[in-house]
Amino acid sequence: MFRLVIKDFYFLQKKMLFIIPFYIIMLMFLKFLKMTSVAETTACLVVTCIIGILLIAQNSFGFDEKVHFEAFVCTLPLTQNQIVASKYLVCLAASVFGLLCMFVLGYLAVLTSFSGTTAIVVSPTTFFIWAFMTSIFSAVILPILFKKGYMKTRMQIIIFAIVIVFVAPMLANQYNTLPAEALANGFLGISTTLWWVILLAVAAIAAFVSFRKSLQIFQQKEL
Amino acid sequence: MDTITNPIIRVTQLTKAYPEFSLGPISFDLPSNSFMALLGPNGSGKTSIIKILARVRQRDSGGIAIFGKDYDLKHPQIKQEIGVFLDEHHFPDELMIHELRWILSGIYKNWQPDLFLSYMYKFVLPVYRKLNTFTPDMKLKLGLAVALSHQSRILLVDEPTDGYSPGIRDEIMTELQEFAQKEGNSVLFATHNPANLGKLTDRVAIINDGQFLITVETKQIQEDYVLVKFSPTLFDKLKPLMIGYAKTKHGFEGITQQPEEVKRIAASNTVVMTPATLSDLMRFFVKGVQ
């Protein structure tokens, strides 16, 4: 199964040349928006890096589709669980890579005076945003990709990605502008730690349900 | 169902329904050390059988046992022993052969890198070039090399040489023959063209409309079936003895399993009898009366 993941990374390494200029443009975009809030900047970076990488990871569906790779992979000594899980692992590995890119870009953002502290960039908040966004995005997109394929759904996926990229910093901004008294007892009366637990639980449930759905779709697929 | 002791593949009452076509129920055995052909026109169901056995498609009902064990989706290890060579290649186009080789070597536990490389030399396939620059001939040969490089004991083949030059066909068929001659190996080969089979097959199942019409040992064909050419005056008398017949320019021709009876009825009338070929069998079994 891990060799299937590596197979997708052979594709992805060829696409990485495009991602670097994409992030540089993103940095310039942040500069243009004059984002000074740490939370806003972080959210924007996390989401952009992760979604960008995930979009590329989902490109691997497109490569597979072009040559009907599923017809070949079914002949290999692998279970259907392993075949489906390999795609989830590709997305997970890609989003870890996105997280690493975010750390680098986060420090670059600090160096270019977007924010005054580096602590926020490598922080539990960043990690939980990463885990949540990765799970939700992949959980929604992967079953659709298994069912309809990349070519038919790529526009919807890109639109979904753009929505997330824009909505996440807006939410961060809203959160940031809440009066101090509203946050005194935690956001909505729930402590930060509990929020992390809730986010991780939602992410894990979404990933599990999504995997089961993808497996079901794959098992019923006629190749 | 024809029964063979300890078949390498045993298919029992296999069915698969499509909106416009139904396969089966079909039962057959593939013995060890054999080369069996599924012969039938396009759309007859032979590709479905190969793809169900290759796990590319799911069956609706029926049993499949390989090496005496149920062919279960949860136990894919049995596929280590099965090589699949389909009519079109499905390898990732963006990869190079050396990358594909590395991926497959981690999936097939009996992967033989030296054997695979020897095929690359033999077929003159460049290891460091993307597959999307390969010609269809090169991709076909790569497909065969992959199917033969993991110590499989069963080879499932689906119309691989259709549309290729006779030179390529001969090259492929030679490799298949070498594989089939190794102790314990078996080949199941689907084709619509009897000429593709040459003299390789031990057994042939003729299939049409999702059903097996006949399964026959190849060496028995010429002994058991006779092509008869006869004049229209004999038509009424010989018609009941014919499995299938067709009108020709000079009279009728058909195949029969009762040549002595044909001779007796024809008496002093002229009938021309020749041993039937695989093509004759397919023509008359599939098309019947024309």
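Predicted model: local features only at pLDDT ≥ 70, side-chain atom pairs only at ≥ 80, totals over all residues.
Modeller: Local features here need pLDDT of at least 70, side-chain atom pairs count only at pLDDT 80 or more, and totals for chains, interfaces and linings use all residues. Residues are numbered from 1 along each chain as its sequence is written, chains are lettered from A and ligands numbered from 1 in the order in which they are written, and side-chain values use heavy atoms, with hydrogens and water left out.

Colleague: Is Leu156(B) buried or exposed?

Modeller: Leu156(B) belongs to strand S7 (residues 154-158) of chain B; strands are DSSP runs (E, at least two residues) and helices likewise (H or I, at least four), numbered from the N terminus. Buried means under 20% relative accessible area, exposed over 50% and partly exposed in between, with a 1.4 Å probe and protein chains only. With a relative accessible area of 1%, Leu156(B) is therefore buried.

Colleague: What separates the C-alpha atoms of Leu156(B) and Ile49(B)?

Modeller: Leu156(B) and Ile49(B) are 107 residues apart along the chain. Their C-alpha atoms are separated by 9.8 Å.

Colleague: What share of the residues of chain B count as buried?

Modeller: Chain B has 9 helices and 14 strands. Of its 290 residues, the share that count as buried is 54%.

Colleague: Which helix of chain A holds Lys147(A)?

Modeller: Lys147(A) is exposed, because its relative accessible area is 58%. In chain A, this residue lies in residues 124-148, helix H5.
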